[in-house]
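User: Hi! I'm new to reading protein models, and I'd like to go through one with you step by step. Could you show it to me?

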Amino acid sequence: MELKMAVEKTHGDFNLQTDFTLTGEHIGIFGSSGSGKSTLVGLLAGLATPDRGEISLDGECLFSSSRHIDLPPQRRRIGIVFQQAFLFPHLSVEANLFYGYKRCDPKYRTIDPQALISVLRLEGLLKRGVNNLSGGEKQRVALGRAILSNPRLLLMDEPLSALDDTLKFQIVDYLRAASERFHIPYLFISHSLLEIRLMTERVLSVAQGRVVGLATPEELARQRMGHSQVGYINLLKVEPLRKLGGMTVYRWGTSELFVSGGDDRPDAMFELSSRDIILVKKHPEAVSARNLLKCTVVDTFPSGNKVGVELACGSETLIAEVVMQAADDLAIQAQTEIYAVVKASSFRRLG
Amino acid sequence: MLSLASADYDAIRLSVKVALTATVLSLPFGFLFAYLMTFVRFRGKAFLEVLVNLPLTLPPVVIGYLLLLSLGKNGWLGPLFDRLGIQLIFTWKAAVIASAVVGFPLLVRSIRIGMESIDRQLIHASRTLGAGGLDTLFTVVLPLSRHGIVAGSSLMLARSLGEFGATIIVAGNIPGVTQTIPLAIYDYAGSPQGESAALALCLVAIVISVVVLTCHELLSRRLTRRD
């Protein structure tokens, strides 16, 4: 997918000016509320008209003020999944799902509806009305409906914001499964860096109607670590091994992690803030924290008035954060051997 | 003893015929006008809004008189209908036009209330799913406006059944031709022996109104249950 967007749009006091080219399959647009993300979505989908400029997708011009081109939304083949599901309340789940499919030119119908219904686990819901579905079910139907319209690009405009944490990560799994199975490029728009990191490979940052950067989600997370209230969030994929007292022991790469509570569900993911990691130079004799991970410093990087420390823990990577004085005292530099101390209660399960 | 004369039956039949015709003919225009006023931005919208709502505030006699002026032989529409061989003034068709003009703002208002409750994002969703403007109008806006359409139609039907002032000016009060229930009651009320006949027709008017409102209620409940 190649998207070029050089447009200007003024609405009241808000002015949006962009000039970027995006290539890739899973791209994020990140910014706080009011930064212009949703305006971008509207302009791209044809739901709003730029004051001037050009938009093209895979070489086809969707909008050009100089050439007087403005393709209507139904001819752009850009699907949207909104923050709320916005299912048609007078139609059944099945009729909602097939609304776009029926209107899609047969030559573009590459997605097998039954396969999609199966991936999204919607088989049991088809005959139901949409008003009694749960939030997660509604969002799965909305996703299926958008994908079945066989779009060449799917815009996901904060599709997880209205869901609670548990549902959010279930839907993330569905989103990823569907996009992998049906090879649909998407733009994932969110104000949550965590969601962006889970869903995208590259991310465009937007602030006050301007594009302020293009980076990988990982780079963005590191850049923002010093400004974030929660520091850098490490995402740890783990497998349960055994129960131990009130804890669960997980396999994380080549290491073992002790986590308060926990359960035996496979493919678990935990988040761990960089601020919950204590670095010690020598092996402590006795410590109450249950996780003592022997690591090697890979790199250090400045982050506001702190220092970010990239650690290699066996086959896995952790980012820790220390104040400058601590970095000096511990003489932290690349190749230094160090211990990361983490309390069992510092992990938060995702999903 | 309350009883109905054969002219009264004619008045009842004509009232129902005029009210139903006015409502059915106004419905598509009312729907499109409501859509225009709800979803489309254009210049002169406020003026159009005032114009359509004018019958709500104007005395019906004024509306009737203006219709008479425009549909009469020397009016700006009269000669056109004449050339098409259509005679309107002092026929039941004039009564339909009078009822339609007077009831139109009620119809539009109710449909607009229904349309304004439709989330714009549903329309956006429809457009990005490949539906054009007309397709969206018929597959999303129309079904989601059905509560407003039912309410507006019932209101307009009830208003048309009671229409008097505009009708008497533009259609006259000719028994068996243009005399509707309200006009017949007006005639009876003016004659010394007409009291019981007037009362009988009042009773009929009440029964018809109750039937219309009950049908509206039942239909609305059914739609709500389906939602």
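User: What percentage of the residues of chain A count as buried?

Analyst: Good place to start! This is a predicted model, in which local features need pLDDT of at least 70 and side-chain atom pairs count only at pLDDT 80 or more, while totals for chains, interfaces and linings use all residues. Residues are numbered from 1 along each chain as its sequence is written, and chains are lettered from A and ligands numbered from 1 in the order in which they are written. A residue is buried if 20 or more other C-beta atoms lie within 10 Å of its own, exposed if 12 or fewer, and partly exposed in between, with C-beta atoms placed from the backbone. Of the 351 residues of chain A, 42% are buried.

User: Is Ser35(A) buried or exposed, and where is its place in chain A?

Analyst: Ser35(A) is buried, because 21 other C-beta atoms lie within 10 Å. Its place is in the loop between β3 (26-30) and α1 (37-45) of chain A. Such names refer to DSSP runs, numbered from the N terminus: helices are H or I with at least four residues, strands are E with at least two.

User: Which residues does Ser35(A) touch, not counting those up to four places away in sequence?

Analyst: For contacts, the C-beta atoms of two residues, placed from the backbone, must lie within 7 Å. By that rule, Ser35(A) touches Val206(A), Ala207(A) and Gln208(A).

User: What about Phe182(A): where does it lie, and how many C-beta neighbours does it have inside 10 Å?

Analyst: Phe182(A) lies in helix α6 (residues 165-182) of chain A. It counts as partly exposed because it has 17 C-beta neighbours inside 10 Å. Leaving aside neighbours within four places in sequence, Phe182(A) is in contact with Ile111(A), Leu116(A) and Ile147(A).

User: How many helices and strands are there in chain A, and what is the order of the strands in the open sheet of five?

Analyst: Chain A has nine helices and 21 strands. Strands pair if DSSP finds at least two bridges between them. The open sheet has the order β14-β13-β12-β15-β21 in chain A, with antiparallel pairing. At its edges stand β14 and β21 (348-350), each with a single partner strand, so one side of each is left without a neighbour in the sheet.

User: How many bridges join β13 to β14, and what do these two strands form?

Analyst: Strand β13 (residues 247-252) and strand β14 (residues 255-260) of chain A pair over six bridges in the antiparallel sense. One of the pairs to look for is Tyr250(A), whose bridge partner in β14(A) is Leu257(A). Together β13(A) and β14(A) form a hairpin with two residues between them, and Gly253(A) in the turn has a positive phi of about 60°. On to the next pair: strand β12 (residues 233-244) of chain A is joined to β13(A) by five bridges, again antiparallel. There, Leu244(A) has Met247(A) in β13(A) as its bridge partner.
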